[in-house]
Amino acid sequence: MHLIDTHAHIDMLSDPEKGIIEAREAGVKEIIIPSASEDSFENILKLCDKFDDIYATLGVHPEDCEKFSDNTAKKIMDLAQHKKVVGIGEIGLDYHYTKENKDIQKRVFKTQLEIAKILNLPVVIHDREAHFDTLEILKDSGLKKVLLHCYSGSVEFMKQCTKLGYKIALGGVVTFKNAKEPKEVAMTIELENLMLETDCPYLAPHPFRGQENSPKFIGFVAKEIANLRNIPYDSVVLQTSQNAREFFNINR
């Protein structure tokens with residue numbers, strides 16, 4: 001039995017290879033590295049080539065949407081043929097810092113969903129303060145294999161998403177003392193719909209908050225969820241890892 005980190009920006013760590021080795025020592029086997037920008041594609045795939053059980057998703061984060069071009073789309077289509085690419089992501093909408101470019105964000109999001117549909121790959125979604133638009137676009141896409149990463153919505157919104165067959169990933173935020181909604185989601189969601197992530201190097205779990213996050217800390221996320229649900233730690237690890245393997249079609 002081992003942990004799976006479904007969302008770790010290992011390429012952004014101060015020492016990516018050390019991060020992978022330490023994760024192994026902490027019982028984390030598979031790690032999925034999402035891309036955020038076109039510039040990161042090749043570096044991520046190099047890490048995938050160098051290490052077993054390291055996988056990638058390719059996509060452009062909404063913060064980088066204005067750099068997205070037809071060439072970017074072609075590059076994703078071409079590189080997605082790599083045997084370690086297991087999804088399209090992270091893609092989506094982010095209205096936290098700016099709403100000025102909503103139309104561009106939506107267009108780029110829809111284009112990348114179309115790519116996922118053509119390639120028959122799951123999608124990893126970034127949704128920050130854009131729940132309504134994100135859900136409408138996802139529903140219109142018709143895609144079923146959808147993972148909402150670093151979930152920040154309410155229990156009610158989670159239920160809307162899981163009813164559509166979408167999955168939810170929780171990370172270090174669930175361990176924060178004041179994280180009311182993530183804790184409620186962790187207690188309420190059916191375990192079959194849940195996955196674990198670190199979103200490293202960001203959002204290190206308690207008691208490492210403020211430090212560089214790493215996949216080696218994902219056990220603290222699993223432990224908090226187990227405590228909140230009053231179930232064995234092993235049950236959380238077993239089910240979330242199974243969910244991740246099925247969703248990303250790895251090790252099957």
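Reader: Which residue in S7 is the bridge partner of Leu147?
Author: That's Lys167. Before we go on: this is a predicted model, so local features need pLDDT of at least 70 and side-chain atom pairs 80 or more, while totals for chains, interfaces and linings use all residues. Residues are numbered from 1 along each chain as its sequence is written, and side-chain values use heavy atoms, without hydrogens and water.

Reader: What makes S6 and S7 a pair?
Author: Two bridges join S6 to S7, and the two strands run parallel. Pairing takes at least two bridges found by DSSP, so S6 and S7 qualify. The labels are DSSP runs counted from the N terminus (helices: H or I, at least four residues; strands: E, at least two).

Reader: How does the chain get from S6 to S7?
Author: The chain goes through H6, and this β-α-β crossover is right-handed. That word means the path runs clockwise from the first strand over the helix to the second, with the strands pointing away from the viewer. There's another right-handed crossover, from S7 through H7 to S8. S7 and S8 run parallel too, joined by three bridges, and Ala169 has Met195 as its bridge partner in S8.

Reader: Which residues of H6 are buried?
Author: Val155, Phe157, Met158, Cys161 and Thr162. Buried means under 20% relative accessible area, exposed over 50%, and partly exposed in between (1.4 Å probe, protein chains only).

Reader: Why do you say those buried residues line one face of H6?
Author: Down the axis of H6, the buried residues fall within an arc of 155 degrees (taken from the directions from the axis to the C-beta atoms), so they line one face. On the other side of H6, Glu156 and Lys163 are exposed.

Reader: Why is the pair Phe208 and Phe217 called stacked?
Author: Their ring centres are 4.1 Å apart and their planes are at 10 degrees, so the pair is stacked. Rings of Phe, Tyr and Trp (its six-membered ring) pair with centres within 6.5 Å; planes under 30 degrees apart are stacked, over 60 edge-to-face, the rest tilted.

Reader: What makes Phe217 and Phe220 edge-to-face?
Author: The angle between their planes is 75 degrees, with 6.3 Å centre to centre. Phe208, Phe217 and Phe220 form one aromatic cluster.

Reader: Why does Phe217 count as buried?
Author: Phe217 has 7% relative accessibility, so it counts as buried. Phe220, at 33%, counts as partly exposed.
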